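Please open the structure in your viewer and keep the selection tool at hand.

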Amino acid sequence: MDFEALTDRICGRQLALESIAAFAVALAFVCLLAPAAPFTKELGICESGAVRDVLAGNLVLPHYAPRTPVQVPPMYWWAAATAVRIFGWNEIALRAPSIFAAATTTSILYAWLASALSRRVAMWSVPVLLSTQYIADAARQPRMDAILMMFLAAAMVCLERSFAREPRRKLLLACAALAMGGAMLTKGPLGLVLPGLTLAIFLALQRGLREAFSLEVIATFTIALAIGAIWYLAALEVGGNAFFEWQIVHGLFRRFFGAAAGGIGECQNPFYYFIPRLVSGFLPWSLFYPALAVMIWRGRANIPPPVLFALCWFAAILGFFTISAGKCAVYILPLFPALAALIGCVITNAAAQPRNPDLASKLFDAASIAIAAGVLLVVLALLALLWSGSAVAFGLDKTNKQFLEVLIDATAHGSAGVILWMFLSIAGAIIVLAAAARHRALGQSCGVALIAIAGTLFWYGFLNPALGEHRTLKPWTEVVDRTVPAGLPIDYIGPLDCDLAFYSDHEIGSIKNFRCG
């Protein structure tokens, strides 16, 4: 074996170990976000009947409820049913597939960036991704979105690397085909469309579209299509025309085209719907967007291919769902790994600048200072509310009013979660301001990461579960189950509360139009 081959093998083993470590860190972090917290009215719990149906043996086309088949392929419900076999029928089992998917996505992102760019970029991408609100929320949801993100991330990375490493191209394309097939089994044709669109944009910008029509690339997408088609054909055999109308006509065409497809569709929102969510859902890291824009513009003549691919990844997903008539907030979840990679590049670039910073570094400093000042103002505002003894509503809706009430009550009682968040946030702000005074981007990044991680842990690991404890029907369900004899069905008057159906040992129905007599 020559020296170069030995070096490649050693580096490969080291990268594998680092990727496993990234997975372990991500898994530990996500498991701190209260995976055993009670459910309330989450959409995933409303759909959890499909898990029971899979456990009953209906693997091909499980149903949420009688006469209501699942609206997307059943990868999540298969995974959740497996987790139920391991952990039992509880909250952790229903969240386990999303937890695993979020941790795996982090590992995939780290491995890609460490091999394609640098370990510094890869290391910074981990806290950025894990403290993204969309990611943290998806990791706690009993739905398919985090799994789709995982498969798409794997497909994107393998496709990009296949054009950078010729000796391993066939293996990488085979992995991409499996990942896209898995994405199709999770949420349908998106598993092919989004990677295909990303690759087309990337090749058009870098090499020309001719390579997209090479035999190897066509074979890759054909294999992925065949993997997904196996389930669609089986589901069509089981569900017949009703399945075709429900999943293909309604679930795909009417949702994408809206009224143009003969229906009003779902999640109808204006074309700019995702723009504010790219800011609010990516705080505090979204404040680095100006620095990212300047960095890309100044280096536009020589953008590294992996960075260009991340930009194409981001643009393809955002563009596709922007032109769709149906726009739900969770649809853009798969673009955040690309954004985390780009912010990792911004941090690495800022840390490498000399003491006389350029415009991008100045914007980076300004964003860091704004983040530190913002979190200090939030802490001071909370203390002021506590001192005044009044919970001002500020025109908030019912849910946010409850959040504020729970937060003020927890603060008044000296909750450990609140104290820890305040301590870490203040410490992070001090680190940021001290580092900014010396133009030390690395210190600022550490402070911002501490603020972001503390905020994510507080919001999803403490405040959301605390509100869930106030709103869940789990304790009441236990009383109902003790009162009603076993085996008797229970009819719930009004729209069904999904957590009641999840926690009860009885069959729960709903009487929406109740009349005495």
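Begin by selecting K187 and D145, which form a salt bridge with their closest N and O atoms 2.9 Å apart; a salt bridge here is a side-chain nitrogen of Lys or Arg within 4 Å of a carboxyl oxygen of Asp or Glu. This pair links distant parts of the chain, since K187 belongs to helix α9 (residues 169-187) and D145 to helix α8 (residues 145-162), 42 residues apart. Helices (H or I, at least four residues) and strands (E, at least two) are DSSP runs, numbered from the N terminus. Both K187 and D145 are buried, where buried means under 20% relative accessible area, exposed means over 50%, and partly exposed lies in between (1.4 Å probe, protein chains only). Salt bridges that share partners join E47, R143, D145 and K187 into one network.

The model is predicted, and local features need pLDDT of at least 70, side-chain atom pairs count only at pLDDT 80 or more, while totals for chains, interfaces and linings use all residues. Residues are numbered from 1 along each chain as its sequence is written, and side-chain values use heavy atoms, with hydrogens and water left out.

Because R119 lies in helix α6 (residues 119-130) and E18 in helix α1 (residues 3-31), the pair ties together parts that are 101 residues apart in sequence.

Next, move to helix α5 and select T106, which counts as buried at 1% relative accessibility. Leaving aside residues up to four places away in sequence, T106 touches A22, A26, V126, L129 and L130, where contact means heavy atoms within 4.5 Å.

Staying with helix α5 (residues 91-116), select I92, which is partly exposed, with a relative accessible area of 34%. Together with I86 and F87, I92 makes a nonpolar surface patch of about 300 Å². Such a patch is made of residues with over 30% relative accessible area and no salt bridge, with like charges joined within 9 Å and nonpolar side chains (Val, Leu, Ile, Met, Phe, Trp, Tyr) within 5 Å; the areas come from the Shrake-Rupley method with a 1.4 Å probe, and for residues only the protein chains shown count as cover.

Select helix α15 (residues 336-351) next, whose 16 residues should span 22 Å at 1.5 Å a residue, which agrees with its end C-alpha atoms being 22 Å apart; the expected span is 1.5 Å times one less than the number of residues. Helix α15 is mostly covered, as 14 of its 16 residues are buried.

Finally, select strand β3 (residues 490-493), which has a covered face, I490 and Y492, and an uncovered one, D491 and I493. Strand β3 pairs with strand β4 (residues 508-511) in the parallel sense over four bridges, where two strands pair if DSSP finds at least two bridges between them. Within this pairing, Y492 stands opposite S510 in β4.
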